[in-house]
Each structure stands twice: as structure tokens, then as C-alpha cells.
Amino acid sequence: MAEVINIKVNGKTHRVTADPEMPLLYLLRNNLQLNGPKYGCGIERCGSCMVLLNGKAQPSCVIPGSAAAVYEVTTLEGFSINNVLDPIQEAFIEEQAAQCGYCTSGMIISAKALLTENKNPTDQQIRQALQRNLCRCGTHTRIINAVKKAAAKLNK
């Protein structure tokens, strides 16, 4: 049975009528037309659906939309301000850290969460922060380089 869910996404509060058990991923994509989070596996194993919940990277495929209403949700669409890309987005572009691009949103979300907590992560810390994100194309080296470049930009 559908109910009204008040949810704050990318700084704006939305009133959405949906089944309270509908995964946040579907609420974001189908009801709010935010396509940054992708459907990958549906069992929180690939990271394609990552969003920030109060600044922490979390898979949106298994979290009910109604449960997410207590968080501030940020998707990739919430990163750029006035059409200016976030330094992490810029670094991913500069390092060409995408091949097919399916994992990119989740990688950027996870990198943002890491760099918010740790301004100067080691390679090992970057790998650990991104371990929940799968990339089948093999761009891991470029992704790690992009995170390091973003850290350097943020530390200027």
C-alpha cells in the first residue's frame, strides 16, 4: 500500500507517494528521475547503486525508501553546484577513470565519502574504501589515480 514519504535528496525535500518497502534505488530513479545510482546486482554486492546517506556511502538497492527518509541522501547529481563539477568528478574525467562507466557513479560516491573523512588517504585506504565497488573493465589503476588527484585538489 502506497504512502507519502518525505525524503531529502540533494538538498531538497521531496514528497513521494510510494510503497514504503520500495528500495531507495527505485524511488530515486523512477520517482525522482535521478539516474546516477544504477541497478547492478540488487543484493548490495557491486556498488553501482551507491548513494551518500548523511555522508556515508551506502547501497541504495536494499534500503527501503521509507527508511531512508531519516537521512540526507546525496546522489551523483547532487555533487555539481551551479554546473561546476566536484573535484572528484573532475579528477575522474582527467584520469579517464571510466571505460564502460557503469560503476563510475558508485566509485565517485565512495571516493567522496572517503575524502570527506580522510583528506590524504594512502593507496591501501583508497582500495579499502572502494572495495564494495566492482569494476569489470579493469580501470582500477586509473580510479585510484583519480582519487589521489582529487585529494590533492581538495588539499590546495
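How much space lies in the second largest pocket? About 170 Å³. Before the details, the ground rules. This is a predicted model, where local features need pLDDT of at least 70, side-chain atom pairs count only at pLDDT 80 or more, and totals for chains, interfaces and linings use all residues. Residues are numbered from 1 along each chain as its sequence is written, and side-chain values use heavy atoms, with hydrogens and water left out.

Now, what counts as a pocket? On a 1 Å grid over the protein atoms alone, a pocket is an open set of points where a 1.4 Å probe fits, with protein on both sides within 12 Å along at least five of seven lines. Lining residues have an atom within 4 Å of a point. Points are joined across faces, edges and corners, and the volume is the space filled by probe spheres set on them.

Back to the second largest pocket. Its lining is C41, C46, S48, C100, Y102, C103, L134, C135, R136 and C137. That divides into eight nonpolar, one polar and one charged. Here Ala, Val, Leu, Ile, Met, Phe, Trp, Tyr, Cys and Pro are nonpolar, Asp, Glu, Lys and Arg are charged, and the others, Gly among them, are polar.

The largest pocket has a volume of about 210 Å³. Its lining residues include M50, K56, S110, E117 and R132. β4 (56–59), α4 (104–117) and α5 (123–129) each supply at least two lining residues. Which element gives the largest share? α4, with four residues. Helices (H or I, at least four residues) and strands (E, at least two) are DSSP runs, numbered from the N terminus.

Next, the strands. Two strands pair if DSSP finds at least two bridges between them. β1 (residues 3–9) and β2 (residues 12–18) are antiparallel, over seven bridges. V4 stands opposite T17, and N6 has R15 as its bridge partner.

One ring contact. K112 lies over the face of F79, at 5.4 Å from the ring centre. The rule: NZ of Lys or CZ of Arg within 6 Å of the ring centre and within 35 degrees of the ring normal.

Last, the record. An unreviewed UniProt entry annotates residues 75–148 as "domain: [2Fe-2S]-binding". That stretch is 51% helix and 0% strand, with end C-alpha atoms 21 Å apart.

Methods:
UniProt positions are given in the numbering used here, feature names are shortened, and annotations may be inferred rather than shown by experiment.
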